[in-house]
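Please walk me through the packing and the charged pairs of this protein, with the cut-offs behind each term.

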Amino acid sequence: MFSRRNFLKNFGIGGAVLSSPSVLENDQSTNTEFVTIKGTVSANGKGIPQVSVTDGYTVVRTDNNGKYQIKVHSQAEFVYISVPSGYEFPNEKGVARFYQKIDTTKSSFQANFTINPLSVDDTKHQFVVWADPQIISKKDAEELQKSGEDLAELVKVAPKDTLFHGIGCGDLVWDHFELLDDYISAFGKAQIPFFSVIGNHDMDLDARTDDFSSKTFKNTFGPTYYSFNRGKVHYVVLDDVFFMGTAKKYVGYLTENQLHWLEQDLASVPKGSTVVVSLHIPTNTGHARRNKLKEEELGGTVANRRQLYKMLEPFQAHIMSGHTHVNEKWEEGNIIEHVHGTVCGAWWTGPICTDGSPSGYGVYQVDGGNISWYYKGTGKPATYQLKVYPKGVNKDFPESIIANVWNWDKKWKVEWWEDGIAKGAMEQKIGLDPLAIELFAGADLPKKHKFVDPTLTDHLFFAQPSSQAKTIVVKATDRFGNEYTEKINL
């Protein structure tokens with residue numbers, strides 16, 4: 001049977017050790033020619049001081065008049081800014097445009113950036129994370145438009161002057177670059193600026209090395225790693241998909257170029273503030289633990305993640321990722337990672353992901369440095385946060401009801417009532433979602449993509465009602481005190 005795991009391994013790699021070749025190091029000593037770029041970052045004709053400007057290798061700051069000068073690396077392709085708080089994100093049909101292509105035929109040239117002040121305070125704002133739209137056909141693209149309509153409605157019903165931006169967390173398409181316009185038109189329905197992350201299915205598979213695998217992505221969206229600011233939050237986007245050349249395989253890995261750049265980028269961010277890092281492959285998951293594997297698959301997590309964590313130690317950090325098509329959270333010290341269920345669910349084969357989470361996206365509400373969140377099922381209200389299954393759906397626990405609380409983390413409470421009588425906490429177990437089994441289990445399911453399998457998840461909860469029970473109510477309370485309930489009749 002061609003399982004989902006085999007499918008992912010076919011596009012990943014296991015049991016390999018990746019070293020950082022010297023060509024990737026930020027070593028300018030071997031370069032014989034540089035391009036010098038000068039320019040101004042301004043708004044309303046006035047220069048803006050202390051704006052970070054970079055070529056992806058070196059970060060400089062504008063002076064009191066908004067002027068900068070940077071001698072760019074010989075391999076640099078863009079000069080770009082980290083848009084400061086209080087300003088609009090430059091965009092074209094929703095696609096963030098914070099960069100300019102470097103003209104390497106000139107020894108020096110001018111690159112000015114003009115941005116517009118926001119008309120409202122951005123201390124409070126919202127953002128959404130779309131993980132893995134992953135469209136492979138026009139039919140998939142048509143389905144994605146519904147996600148765009150759902151997002152547009154979310155933005156429409158928000159309070160007046162609510163600021164939104166979006167982050168497309170990789171696998172924007174499924175190796176079919178002709179569908180990028182469909183991806184852009186889908187999120188464009190919401191009329192909010194969107195930043196995009198490169199995923200393993202957004203790479204040029206005919207490239208001979210990682211260095212050239214992002215050509216199409218860069219032509220469409222610009223740099224693969226960058227930062228921006230809104231309110232009191234600093235946002236970072238990274239490229240953690242290291243392409244293994246003509247082998248058409250990849251590993252989760254952050255190059256030295258990026259880590260060196262990130263050190264400089266974070267140097268100007270106040271210690272203790274909130275930093276949101278978006279990348280495609282999760283830095284960590286519970287996949288190996290749940291499946292009792294001896295080691296993680298390198299294509300499923302970031303091999304050198306501890307180097308990233310060390311850089312994030314001075315901050316309150318949120319990591320946004322996708323790739324796995326399941327919903328999970330993990331938290332350690334000052335870091336919480338949000339591994340997102342996907343916009344495409346289980347590769348557009350049904351209304352859910354392989355862990356039973358609805359197809360959808362993350363919604364994040366920012367107030368100063370504080371962030372709250374929920375998971376928005378496409379076509380579902382924000383209050384749809386759990387599904388309760390009656391007795392008999394699980395052959396191993398035939399007398400138990402099962403609740404799937406897809407955005408659960410260890411600070412949630414999941415309780416149940418039988419005929420109005422409180423019964424306390426439900427028992428958490430690792431297992432398979434009943435609907436995912438129905439839709440995806442078996443060699444012939446689902447018909448569209450037979451590699452899809454149901455996957456083990458931590459967010460299932462069990463309870464055994466009495467034989468006389470007539471009604472069951474399950475209440476899930478998130479870490480912010482929001483309560484969600486579902487009632488079933490037995």
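Leaving aside its neighbours within four places in sequence, which residues is Leu238 in contact with? With contact meaning heavy atoms within 4.5 Å, Leu238 touches Val197, Thr224, Tyr225, Leu254, Gln258, Trp261, Leu262, Val277, Ser278, Leu279 and Leu308. A second, separate core of 37 residues includes Leu144, Leu172, Phe194 and Val363, where a nonpolar core is a set of buried Ala, Val, Leu, Ile, Met, Phe, Trp, Tyr and Cys residues joined through side-chain atoms within 4.5 Å, and buried means under 20% relative accessible area, exposed over 50%, and partly exposed in between (1.4 Å probe, protein chains only). Leu238 itself is among the members of the largest nonpolar core, of 70 residues, that touch the most other members.

The model is predicted, so local features need pLDDT of at least 70 and side-chain atom pairs count only at pLDDT 80 or more, while totals for chains, interfaces and linings use all residues. Residues are numbered from 1 along each chain as its sequence is written, and side-chain values use heavy atoms, with hydrogens and water left out.

Turning to charged pairs, the whole structure holds 18 salt bridges, each a side-chain nitrogen of Lys or Arg within 4 Å of a carboxyl oxygen of Asp or Glu. In one of them, Lys101 pairs with Glu77, the closest N and O atoms being 3.7 Å apart. Lys101 is partly exposed, at a relative accessible area of 49%, and Glu77 is partly exposed at 28%. Lys146 and Glu143 also meet in a salt bridge, at 3.3 Å from N to O.
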